[in-house]
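Please look over the notes below with the model open. They cover the chain contact and the salt bridges.

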Amino acid sequence: MTEEDDIREEIKNLRNEIASLKEQLREAQERRKEKGYKFYIDIGDNVRESVEEALESVAESIHEELEKSIFIGPRGVKIIKGKIGEREEVHVDFSKTAGVMNALSHEHRLKILKELMSGGKYVNELQEKLPEITTSTLSSHLKILEETGLVVQEKVRGRYLITMPGRAAYKMAIKLAKFVEESDLK
Amino acid sequence: MICHNYHLDNTLRKVKEAATLWKTEKGILEISEDTLAVLIKVNDRKIGCVFHGDGKLILDMIVETDKGAIGKPIEKEIKKPFIMIGNIERILPNLVTANRQDLADKGYMDERELIERSGDLCRRFFGESTRVYGCGKFEQGFVFAFLSDNDSDLDMLIAKNLKIVYKTREITFISNENKIVLKTPWKTVLSNNGRSIVLNE
């Protein structure tokens, strides 16, 4: 057999294959027409299995992400907003977090932060707003909040201002407070 | 624009009483008593001073934004000579003649060393030429130039009424009443009456 014969044989096989594919396509279109679809290709069992596997894997991933992204609170299920993928590995400095939690762990300090949420205030203004806290106690609470970075004091005017982390911490405390109120926690 | 020559006054002076050189609701600059003072003159007119002594600079580099306050106050003890340009008339009544003991107390052997040190600082501030370009009005605001911690730069504070510009190698703080820009190596904050943009570097 010459090389030319080989090529001819190969062309013949390819033509047969094309003819077979055309026939399959025609039959498929006929079946689709019967079912009301415009186009259909029989993708074969192997392909179907791999697609099904892929879809199952996607479904599983979605399920896992949803488990991470929903928050079951006392009032039902809440979806946590944000980019799901970014929450996979969370590295936090727990010592710093504990420091902030410690600064928040007093009713008086939470009240001080609440007052500062509406704008910077002098000590005497805070005292007027919070008469239940004595002057010395107020100073010591402000010192703790300042050391943690939740508030900052202007050196010239002396006003106390809530910082960006301070606002975030206060909002977190409010969320926690609502959760505690709505749950059975004591 | 007129070109002038500056020179340093040879008369030894010191601050009689502790004084506040500059004060606004955002910052204070104070000098202690016995601080040595070398006057800077342009055409025999006193335009500024080189101070040698102890001082303190307080600047509230805090930006109030709708998301919370950003920045912190700085409080710097000033131990190195620094330049003040502008509003010199206010400090003149508080200056008295200094003697060699006053120089020795501040670590200077003699008058020549004090003038030389002042000249070095002026050259860093004005440039190598003794010529100063300007319209000659120095009364409306202040310019302060401080040596940075490692002496490599001059930290500048420019102030006029409520307008402040403070610039170091790492920090730029510009404040005009409620309009503030704070640039640090970590973030840039722009605030206009509480509305703000924060850009993390």
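The points below take the interface, then the charged pairs.

1. This is a predicted model, where local features need pLDDT of at least 70, side-chain atom pairs count only at pLDDT 80 or more, and totals for chains, interfaces and linings use all residues. Residues are numbered from 1 along each chain as its sequence is written, chains are lettered from A and ligands numbered from 1 in the order written, and side-chain values use heavy atoms, without hydrogens or water.

2. Chain A gives 13 residues to the contact and chain B gives 19 residues (heavy atoms within 4.5 Å). The buried area is about 1,200 Å², with 62% from carbon and sulfur atoms (accessible area, 1.4 Å probe, lost on being put together, summed over both parts). A:Lys155, A:Val156 and A:Met164 supply 48% of the area that chain A buries against chain B.

3. Two salt bridges cross the interface of chain A and chain B (side-chain nitrogen of Lys or Arg within 4 Å of a carboxyl oxygen of Asp or Glu). A:Arg157 and B:Glu25 form a salt bridge at 3.9 Å, N to O.

4. The whole structure holds 19 salt bridges over all chains. One of them joins A:Arg26 to A:Glu23, with the closest N and O atoms 2.6 Å apart. A:Arg26 is partly exposed at 41% relative accessible area, and A:Glu23 is partly exposed at 35% (buried is under 20%, exposed over 50%, partly exposed in between; 1.4 Å probe, protein chains only).

5. In chain B, B:Glu116 pairs with B:Arg112 in a salt bridge at 3.0 Å between the closest N and O atoms. B:Arg112 is exposed at 58%; B:Glu116 is partly exposed at 42%.

Notes
Buried area = accessible area lost by both parts, 1.4 Å probe.
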